[in-house]
Amino acid sequence: MKVGGAFRDAMEIFKALFDSSSAGILVYQGEDTVYVNPAMAELEGYPLEERRWMKFWETVHPDFREAVRRRAEARQRGEAVPATNELKIIRKNGEQRWVTSSAGTFILDGRPAVILILQDITGLKHAEEALKKSQYILAKAQQIAHVGNWAWNLKTGALNWSEEVYRIFGYGPGEVKPTYEWVLSRVHPEDRAIMMCFAEDVAMLRRCSVDYRVLRPDGSIRYVNSVADKIIVGKSGEPERAYGINQDITERKKAEEALMAAKAEAELYVDLMGHDINNMNQITMGYLELAHNILDFEGKLGHDSIYLIERAIDSLNNSSKLIDNVRKLQRERMGMYGQEVLEVTGIIQEVVEQFKSVPNRKVTIDYRPAAKCHVKANSLLKDVFLNLVGNSIKHSTGPLNIAINVEVASYDGEDYCRVAVEDDGPGIPDALKQTLFNRLSLASTRVRGKGFGLCLIKSLIDDYRGKFWVEDRVPGDHTKGSRFVVLLPTYNVK
């Protein structure tokens, strides 16, 4: 190797420093190695004399070699090139190592030369990769469990979230800059007081837990459990930072609600079987026993005693209808009635025909459909109107006029099939109207047999995404009769 005088002069000053350096140092000109120190030879695993006769780039990993050569050429042409880079080298024994390279240009014998310094960062790289892997595993575990961690600066209100907490709130990681005030704005209005109490507990150094609802950007609601499990106190004795976790517990909450609803429904069925139907059977037995006693004493039932048999039959019919309604509701809840497109006016016409003749009563039904309506429902839609008309007749005496109107009406920008069933019966007092509709929920009350028809109607209309209410036939005077209104979203038939 030919070495110029300028380099020899410089080496007299720096050789001792270069030779004793723990960093690998190499000087190259063009592609030829001009100088290599012992640390560089050791780093690359070559004998010092062998490494001196190699091209400077020969130990560079093939994945990086071309880029290194292009940068070397550009640097020696005087172009601006990043001084520091990370790359991999291959030792003589084939082992791969990560290094950082720092390079600077100087003039040697009138031509550009480059001094290259390498530092082994393999251990650091492995630690980074292990950290990234552990962070990835943690992030995936949090995503699967819907659990994320948070840190809260109690002085500034700023929050640091893991990626899963962003997802729980419906945002991409880093999409927003969360603060306590911002989080409070995303909490359901009914639960903000709960969250404020949680913040007060943390400020009082209490490790605590709270369940609340959050409103996502898409309008959906998620249930969240927040736990503050570590609170850092400053020198002043005041809390400065809090750490904890958030967990999306929506599915658990839904399961709890479904379990409560199923429990309430089961209790309702027990009540019906153990109380209502038993009472109806007792009434039936009472009428039949009276009739039997008359037969024993008189040998026959007179005309004025026939009502005993009729009342017994009515009681049995009511019991049978109640059992039928319970069975229908059970099956509907199980999804056994598939929805289809139905034409409402034809179904109501069938109901009108069924009540064309009511024994011992003068009942007039005025049915005037203004337009045909198609809706998405199931075969139980007919039961909605059977129950409404049947209730008007059952809860009244003497002559009765029933009017049924069908029309297409718009509510909140959506078209509905509006069916109004009204009568001139005794009506429903305002106070009873409110309690009547408050109790049409299996989860909140025992319906007690007689109101179960309305409960079935409400449940069905809810499943059809409709609306249901009662009002006075003559506004302000409930004694003039009632009007039950059913709204069902229309379905356009092409």
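This is a predicted model: local features need pLDDT of at least 70, side-chain atom pairs count only at pLDDT 80 or more; totals for chains, interfaces and linings use all residues.

Reader: How many bridges join S8 to S9, and which way do the strands run?

Author: Eight bridges join them, and the two run antiparallel. S8 covers residues 208-215 and S9 covers residues 221-233.

Reader: What sits between S8 and S9?

Author: Five residues, in a hairpin. Gly219 is in the turn, with a positive phi of about 90 degrees.

Reader: And S9 to S10, how many bridges there?

Author: Nine, again between strands that run antiparallel. S10 is residues 239-248. Ile232 has Arg241 of S10 as its bridge partner. S9 and S10 also form a hairpin, with five residues between them. The turn holds Gly237, whose phi is positive at about 90 degrees.

Reader: Which helix holds Ile194?

Author: H8, residues 192-203.

Reader: What does Ile194 touch, leaving out residues up to four places away in sequence?

Author: Val210 and Asp211. Ile194 and Tyr212 have C-alpha atoms 7.3 Å apart, at a sequence separation of 18 residues.

Reader: Switching topic. What is the strand order in the antiparallel sheet?

Author: S2-S1-S5-S4-S3. This is an open sheet of five strands.

Reader: Which strands stand at its edges?

Author: S2 (32-36) and S3 (84-90). Each has a single partner strand, so one side of each has no neighbour in the sheet. The twist averages 35 degrees from one strand to the next.

Reader: How many bridges between S1 and S5?

Author: Five, with S1 (residues 24-29) and S5 (residues 111-120) running antiparallel. Tyr28 has Val114 in S5 as its bridge partner.

Reader: Which strands does H4 lie across?

Author: S1, S3, S4 (96-108) and S5. H4 is residues 62-76, and its direction is at about 135 degrees to S3.

Reader: Now the mixed sheet. What's the order there?

Author: S12-S14-S15-S17-S16, five strands in an open sheet. S12 (363-369) and S16 (467-474) are the edge strands. Each pairs with a single strand, so one side of each is left without a neighbour in the sheet. Here the twist averages 20 degrees from one strand to the next.

Reader: How many bridges join S15 to S17?

Author: Seven, and the two strands run antiparallel. S15 is residues 414-423, and S17 is residues 477-489. Cys417 has Leu488 in S17 as its bridge partner.

Reader: Which strands do the helices touch on that sheet?

Author: H11 touches S12, S14 (400-411) and S15. The direction of H11 makes about 170 degrees with that of S12. H12 touches S12, S14, S15, S16 and S17. The direction of H12 makes about 140 degrees with that of S14.

Reader: How many residues lie between S16 and S17?

Author: Two, in a hairpin. Gly476 in the turn has a positive phi of about 90 degrees. Val470 stands opposite Phe484 in S17.

Reader: Back to the helix pair. At what angle do H11 and H12 pack?

Author: About 40 degrees, with the axes 9 Å apart. H11 is residues 344-354, and H12 is residues 381-394. They are therefore oblique to each other. Their crossing is right-handed.

Reader: Which residues make the contact?

Author: From H11: Val344, Ile347, Ile348, Glu350, Val351 and Gln354. From H12: Leu381, Lys382, Phe385, Leu386 and Val389. In the contact of H11 with H12, eight residues are nonpolar, one is polar and two are charged.

Reader: Last one. Where does Asn278 lie?

Author: In H9, residues 250-298. Asn278 is partly exposed, with a relative accessible area of 34%. The C-alpha atoms of Asn278 and Ser319 are 8.8 Å apart, with the two residues 41 apart along the chain.

Notes: Residues are numbered from 1 along each chain as its sequence is written. Side-chain values use heavy atoms; hydrogens and water are left out. Two strands pair if DSSP finds at least two bridges between them. Helices (H or I, at least four residues) and strands (E, at least two) are DSSP runs, numbered from the N terminus. Axes are lines fitted to C-alpha atoms, for helices over the stretch in contact, and angles run from 0 to 180 degrees between N-to-C directions. Contact means heavy atoms within 4.5 Å. Angles under 35 degrees count as roughly parallel, over 145 as roughly antiparallel, 65 to 115 as roughly perpendicular and the rest as oblique. A crossing is left-handed if the near helix is turned anticlockwise from the far one by less than a right angle, and right-handed if clockwise. Ala, Val, Leu, Ile, Met, Phe, Trp, Tyr, Cys and Pro count as nonpolar, Asp, Glu, Lys and Arg as charged, and the others, Gly among them, as polar. Buried means under 20% relative accessible area, exposed over 50%, partly exposed in between (1.4 Å probe, protein chains only).
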